[in-house]
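Q: I have a model open and I'd like to learn how to read a few of its features. Could you walk me through them, one at a time?

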Amino acid sequence: MSGFWTPLLPAATVGVGRAAPGRVDAPAAVAALLSSLDGLPAAERLLRMAAVLEVCGQAGLEFAPAPALIAPAAAEARPPLPTAAAEVLRVILEETPPRLAAQALAATDRAGFRLPPALLAPALEQRRTRPALAPLLDAVLGERGRWLLATRGEAAPVTGTDPLERWQHGTLAERRAALGELLAADRTEGRERLRAALPQLPASERAELLTAVVDTVTPEDEALFESLLKDRGREVRLLAAAGLQRIPASAWAARMRERVRALIRRDGRQVLLDPPAEADPAWSADGIEVKRPKHESLGERAWWLYELGRRVPLSVWQEATGLDATGLLAWAKSGDWKDALRRAWTESLAVSPEPAGLLAFGLAGMRPWQNAPLFERIPPAELERFWLAMLESRRPPLADLLAASDAALPIDGTLALPLAEAALRVYAAGLRGERRDVWHLAQLGRQLSILLPLPLLPELSQAPGLATLEAPSVMRELECNLNLRLRFAAALAAG
Amino acid sequence: MSNSPPLTADAVAALAPDAASLKAARGLLGLKGWGKLGADAEAAWGECQGSGAKPYQTQVDLRGSAPAFKCSCPSRKFPCKHGLALMLLKLQSPASFVAARPDWVSEWLEGRKERAQQKEVKQAAAVQAAADPAAREARLAQRWARAAKTLPELKRWLGDQVERGLGTLDAATRPQWETMAARMVDAQCPGLAARIRSAAEHLGSGAAAPLKLLRELGQLQLIAEALERQQTLTEIQRADLMVQLGWPTAREEVLALGERLRDVWTVLGQIEEEREARLRERRVWLHGVQSDRMALLIDHAHGDRPFETLYLTGTAFSAELIYYPGSAPLRAMPAGEAEPAPATIPGDSLASAWARLAARLALRPYAALQPLALAGARLSVPAAAGESPPVCLAVDDRRLPHRLGRLPQERLLAYGGGHPLRIFGEWDGDQLLPLSAWNEAEPALAPWQVQA
């Protein structure tokens with residue numbers, strides 16, 4: 001359209017005194033109308049030409065050809081989620097914690113539905129902001145949703161940009177994430193890339209990147225960690241040792257086992273402990289901190305005992321002493337080195353969790369699981385038995401259970417039924433308790449409203465004493481979670 | 001495309017004054033809080049337990065083109081969450097609506113009917129007065145005289161701008177243009193003032209500014225010339241010009257002089273926009289099934305106040321409309337009772353849509369928002385990488401410039417899936433703003449709407 005205007009623009013831009021409007025190449029009728037304006041004063045002529053072109057231009061507007069478009073979405077194989085359920089899912093997606101959204105998406109998938117078109121835009125928004133939901137979302141996007149992803153050039157997974165590219169040119173955080181992907185794709189190649197990059201990096205970056213290997217350690221990483229025990233950076237050396245501690249078959253682990261065994265003597269039925277009297281120069285080479293930190297409450301020998309003791313699994317202590325976990329705790333209590341030993345074992349359990357050890361420590365009031373995501377490394381069935389035993393012992397670390405389960409369960413998971421029932425019993429007892437910590441109970445209730453399996457939700461909502469908890473914002477969330485989960489399930493069943 | 005008027009959950013959601021109300025309404029969907037739910041062909045009602053001792057009495061009048069709400073709660077939102085929840089409940093659990101119609105519902109329905117009748121009687125008198133041509137002419141004479149007096153100044157100013165050269169004007173010129181706009185307000189031509197002000201937005205907007213300014217000045221020139229010749233114009237052409245000058249048309253005048261048209265009117269689309277000082281303008285576009293005519297209802301409301309009547313896009317009602325006086329009129333107002341009716345969604349080819357637009361321009365050449373109802377429109381992305389713009393609205397193999405925001409565009413992409421759509425929107429002279437769309441392949445899907 002602007003083509004018609006071009007001859008007018010010089011005059012319009014610099015002023016009619018300096019340039020005259022050119023001839024407009026318009027259809028005959030319009031051209032005739034324009035030429036009837038010849039002879040008018042210049043300003044009026046230009047304004048009138050503009051008036052004519054503005055009206056005729058609109059009436060005769062022609063558009064550019066459209067480019068070839070991508071093919072439309074293919075026919076859907078699944079029916080859309082029924083309207084009532086979709087209404088609830090929209091609220092769940094936009095306003096609840098990821099676990100609730102994940103549960104609802106997984107249920108949608110199990111029931112064989114896809115998201116209706118009206119939910120796709122919010123769903124893709126969630127896919128962007130909560131990448132953990134992506135696999136569950138992708139299962140229910142349907143053809144329409146996949147097509148919508150393609151319109152954004154996002155057909156590949158969100159992390160799909162070339163990790164090598166990000167490893168070579170990314171920021172430190174991007175390189176750390178890219179290294180994780182490279183290691184997952186090809187461990188040896190990923191490790192060699194890291195090894196080649198390390199000499200050029202400052203210590204803090206070496207340490208940051210090394211965590212990607214430590215978090216996903218395999219036996220083949222031993223050589224890399226061994227070489228890094230001599231690194232100039234203290235943090236790097238500590239990480240290398242931490243990596244080796246996670247490879248039970250490593251030479252380093254064998255050396256540590258020997259050192260610990262050497263501290264224990266058995267004299268008939270008596271088990272005796274001889275903490276190191278002096279530091280062995282070889283320790284430093286294995287990443288052990290010989291020098292006791294300032295402000296450390298342990299004495300020097302106790303410190304060395306702790307440093308060595310925490311580097312081996314609890315089983316090494318059990319074999320050397322012939323005691324089980326409960327026996328070890330009693331043994332430590334009777335001796336002079338209680339603090340160092342308990343600290344060492346707690347940390348050892350966090351690195352190499354053993355359900356029996358955890359249970360013994362838990363029953364003794366210790367919580368090796370605090371500050372460590374150790375539950376991911378315990379088989380779910382064992383974990384369940386552990387918590388059941390903990391809950392039945394009337395030492396209810398319900399908050400620990402819920403936090404640990406939240407960390408360990410798959411994103412759409414709920415507590416297994418027997419464990420959930422026990423948790424609910426413990427919670428109900430807490431509600432009936434005399435000195436109630438209202439805010440704490442409300443928080444636990446909120447977590448239960450997310451983690452309990454569906455059949456137990458009515459029982460939670462009717463738990464005596466729940467309604468009287470005065471923590472408005474948390475209780476609102478709790479009610480909202482219960483309400484949404486039950487309504488969604490009902491709507492899904494009805495559809 | 002034919003749709004019977006389904007009151008879907010989406011349609012109810014579209015009635016919500018804001019997202020918070022809708023969310024609150026969804027929170028009231030448990031049957032627990034409700035009592036005495038009931039419904040018949042004319043209304044639905046129920047009592048909702050609020051925070052007070054006495055439950056709120058919530059009722060919906062279902063007789064008109066769209067539901068009307070009343071609730072005894074103190075909320076200033078309209079409809080309130082209780083009204084919305086009642087409608088959603090009725091869709092969700094119709095079997096629960098069993099209570100007999102209580103007196104408070106009958107009284108309200110009766111009162112509404114009476115008030116409508118009283119209004120009609122009152123209006124009839126005012127309409128009679130407005131119809132007297134001599135009185136009307138006398139009222140307008142002074143306005144025409146004042147406008148004529150300011151005409152030389154306007155023409156001189158227009159001439160000055162193109163003498164100076166539009167390329168020499170920049171943001172610093174704005175105060176001068178604002179002065180001119182103020183002069184137009186003094187001359188009681190607020191329509192001209194508004195045009196000058198909107199043209200001034202382009203001052204200093206870079207290389208494209210001279211073209212944009214020239215187009216705006218061309219439109220002002222058109223109005224100026226019409227004003228110069230106003231005495232030779234027909235009554236209808238003068239009415240068109242009066243709209244351009246920004247002279248309001250009294251309701252009574254519309255009732256007395258406007259063309260009346262009874263038809264089944266499909267609500268094709270609607271949009272609410274904020275004007276200055278918290279004034280909200282709502283435009284509702286209608287299409288007459290038998291007459292194949294378009295109509296535009298414009299309402300205004302202040303702050304949070306509700307619009308008097310609610311319209312549901314994609315539904316239809318049988319009623320009489322009165323067009324405002326003018327050539328190829330679009331603006332209209334409803335007259336009398338409306339009855340629900342089956343909807344028909346029209347859709348033109350690009351060529352015939354443009355033929356209609358051109359025919360309207362031929363009768364009334366002033367720039368205005370033009371309704372476009374297009375069939376077979378596709379919103380999708382080009383197959384070749386790197387094309388710009390990345391999302392393209394194609395109609396009959398032509399690319400139609402559009403101005404959808406990111407989120408509505410994403411929702412429309414999801415709604416269409418690249419399949420042909422029936423799109424209704426407003427053409428502003430440069431771009432189409434789609435207001436609503438229907439998926440031609442899936443007529444059962446509720447329409448997409450730009451404001452949802």
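Predicted model: local features only at pLDDT ≥ 70, side-chain atom pairs only at ≥ 80, totals over all residues.

Q: Is A:Arg45 buried or exposed?

A: The idea is to look at relative accessibility, where under 20% means buried. A:Arg45 has 18%, so it counts as buried.

Q: Which residues is A:Arg45 in contact with, leaving aside its neighbours within four places in sequence?

A: A:Arg45 touches A:Pro21, A:Leu37, A:Asp38 and A:Leu40.

Q: What about A:Pro458: where is it, and how does it count by relative accessibility?

A: A:Pro458 sits in helix α27 (residues 457-461) of chain A. The middle class lies between the 20% and 50% cut-offs. With 34% relative accessibility, A:Pro458 therefore counts as partly exposed.

Q: Now helices. How do the axes of α5 and α28 of chain A cross?

A: For a helix pair, check the distance between axes, then the angle. Helix α5 (residues 83-95) and helix α28 (residues 472-494), both of chain A, have axes that come within 8 Å and cross at roughly 150 degrees. Angles over 145 degrees count as roughly antiparallel, so that is the label for α5(A) and α28(A). Their crossing is left-handed.

Q: Which residues of α5(A) and α28(A) meet?

A: From α5(A) come A:Ala84, A:Ala85, A:Val88, A:Leu89, A:Val91 and A:Ile92, and they meet A:Leu484, A:Arg487, A:Phe488, A:Ala491 and A:Leu492 of α28(A). Sorted by class, this contact has 10 nonpolar residues, no polar ones and 1 charged.

Q: And strands? Which strands pair with β6 of chain B?

A: One general point: in a regular strand the side chains alternate between the two faces of the sheet. Here, strand β6 (residues 260-274) of chain B pairs with strand β9 (residues 316-323) of chain B in the antiparallel sense, over 7 bridges. In that pairing, B:Leu261 is opposite B:Leu321 of β9(B). β6(B) also pairs with strand β7 (residues 279-288) of chain B, again in the antiparallel sense, over 9 bridges. There, B:Gly269 faces B:Trp285 of β7(B).

Q: How many residues lie between β6(B) and β7(B)?

A: The two strands form a hairpin with 4 residues between them, and in the turn B:Ala277 has a positive phi of about 55 degrees.

Conventions
Residues numbered from 1 in each chain as written. Chains lettered and ligands numbered in written order. Heavy atoms only, no water. Pairing = 2+ DSSP bridges. Axes fitted to C-alpha atoms, helices over the stretch in contact; angles between N-to-C directions. Parallel < 35°, antiparallel > 145°, perpendicular 65-115°, else oblique. Left-handed = near helix turned anticlockwise from the far one by under 90°. Contact = heavy atoms within 4.5 Å. Nonpolar A, V, L, I, M, F, W, Y, C, P; charged D, E, K, R; others polar. Buried < 20%, exposed > 50% of the residue type's maximum accessible area, 1.4 Å probe, protein only.
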